[in-house]
Amino acid sequence: MLDFYDYDDIYETPVYKDILSAITDTPTEYEELSDNTQKSIVEMLDTGEYIHTSFRINDISDITMQDYELALKTKSLAYEMLQKSEHGAEGLGKYSEYISDVANYRRDSGENFQGDLFHEIIAAKDGFNGIPHVLDEDEFEEASRGKTLLYRGLSASPDGKSAFEISEDFKYSDRFYHGLGLYGNGIYMSPREDIARCYSDGSYGSGITAFLDSDARIITYEDLLERKKRIDLDDGTDAGRLANEIISDNGRFAELCGYDAVSLDGYAGQEHILVLNRSKLTVKK
């Protein structure tokens with residue numbers, strides 16, 4: 001059977017107070033809803049016939065079990081957020097639009113900007129926010145032989161945090177900050193050190209060197225777009241509309257699909273790697 005999101009403490013952290021209300025112990029209707037939807041999917045797969053569920057897929061002939069799992073997982077998350085949010089689907093949708101504006105149009109995010117909170121919630125629930133494996137220089141050199149090295153340049157943040165402090169947070173903090181970008185939100189790294197340096201302020205500790213674990217699940221950007229265009233979760237309900245907002249970002253969509261990273265692989269001339277699962281990185285101390 002499919003796994004669904006469980007309640008946890010992420011909603012209780014102060015950074016979410018302006019967007020999501022504190023978690024309560026009040027049960028929701030989603031357990032029954034999800035059970036019924038699962039039964040519909042199992043029956044459809046057994047009989048080969050389409051049975052209406054609470055979401056839509058654009059091309060019924062091309063449905064996979066992974067597509068259904070993504071749809072259920074995202075609708076479950078949207079439903080849970082709506083149960084706990086003080087702002088409703090419209091308010092959460094406006095937050096998503098704001099995040100998109102910052103990412104795509106370089107809109108000023110302000111000093112108190114906390115990154116993509118939707119993405120942070122997904123990462124915490126999927127266990128993608130675990131800290132990376134940190135090795136000292138000699139150990140890293142040994143472990144990285146034959147690996148593709150990835151580099152990330154850092155600059156001081158508008159709120160005064162130094163590049164070194166940001167680097168230390170990335171390596172050791174329980175909180176996994178998700179940055180914004182044109183091709184999706186997450187952590188952008190490059191196999192070219194010279195490209196990464198363009199994003200560094202040149203101060204001490206303003207660079208990160210790492211490699212992805214050999215078992216990391218990586219999808220190319222073009223394959224991700226191909227999969228994404230098949231799916232439409234807006235069934236006319238608040239949960240459906242919010243679910244569509246959640247997957248509107250390519251980084252969130254890839255993470256909900258279970259991928260640890262997205263490779264641009266030459267798309268638009270770019271070779272960046274969008275890292276979604278921090279725990280799949282080994283980082284030089």
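Mentor: Let us begin with burial. A residue counts as buried under 20% relative accessible area, as exposed over 50%, and as partly exposed in between, with a 1.4 Å probe and protein chains only. Ser 206 has 8% relative accessibility and therefore counts as buried. The model is predicted: local features need pLDDT of at least 70, side-chain atom pairs count only at pLDDT 80 or more, and totals for chains, interfaces and linings use all residues. Residues are numbered from 1 along each chain as its sequence is written, and side-chain values use heavy atoms, with hydrogens and water left out.

Trainee: Where in the chain is Ser 206 found?

Mentor: Helices (H or I, at least four residues) and strands (E, at least two) are DSSP runs, numbered from the N terminus. Ser 206 belongs to the loop between helix H7 (193-197) and strand S5 (207-212). The protein chain has 10 helices and 10 strands, and 46% of its 285 residues count as buried.

Trainee: Which residues does Ser 206 touch?

Mentor: A contact means heavy atoms within 4.5 Å. With residues up to four places away in sequence not counted, Ser 206 touches Arg 152, Gly 153, Leu 154, Ala 163, Ser 200 and Asp 201. For the protein chain, residues 24 or more positions apart account for 76% of the contacts with a separation of 6 or more.

Trainee: Which polar contact joins the side chains of Ser 206 and Ser 200?

Mentor: A polar contact is a pair of N or O atoms within 3.5 Å; within protein, one must be able to donate a hydrogen and the other to accept it, and residues adjacent in sequence count only if both atoms are side-chain atoms. The side chains of Ser 206 and Ser 200 are joined by such a contact of 2.7 Å. A polar atom of the Ser 206 side chain also lies 2.7 Å from the backbone oxygen of Ser 203.

Trainee: How is strand S5 paired, and how many of its residues are buried?

Mentor: Strands of a sheet pair through backbone hydrogen bonds, either parallel or antiparallel. Two strands are taken to pair if DSSP finds at least two bridges between them. S5 pairs with strand S3 (residues 150-153) in the antiparallel sense over 4 bridges, with Tyr 151 opposite Thr 209 of S5. S5 also runs antiparallel to S10, to which 3 bridges join it; here Ala 210 stands opposite Val 283 in S10. S5 is mostly covered, 5 of its 6 residues being buried.

Trainee: Which residues of helix H6 are buried, and on which side do they lie?

Mentor: An α-helix has 3.6 residues a turn, so residues three or four places apart point the same way. In H6 (residues 163-172), the buried residues are Ala 163, Ser 167, Phe 170 and Lys 171. They cover an arc of only 95° around the axis, which puts them on the same side of H6; the arc is that of the directions from the helix axis to the C-beta atoms. The buried residues of H6 pack against strand S2 (133-135), strand S4 (187-189), S5 and strand S10 (281-284).

Trainee: What order do the strands of the open sheet follow?

Mentor: This open sheet has 4 strands in the order S4-S9-S8-S6, with mixed pairing. S4 and strand S6 (218-220) are the edge strands, each pairing on one side only. Strand S8 (residues 261-263) and strand S9 (residues 273-275) pair in the antiparallel sense over 3 bridges, and Ala 261 has Val 275 in S9 as its bridge partner.

Trainee: How many aromatic pairs are found in the whole structure?

Mentor: Rings of Phe, Tyr and Trp (its six-membered ring) pair if their centres lie within 6.5 Å; planes under 30 degrees apart count as stacked, over 60 as edge-to-face and the rest as tilted. The search finds 6 aromatic pairs. Phe 140 and Phe 211 form a tilted pair, 5.5 Å centre to centre with 45° between the planes. Phe 140 lies in helix H5 (residues 137-143) and Phe 211 in strand S5, so the pair ties together parts that are 71 residues apart in sequence. Both Phe 140 and Phe 211 are buried.
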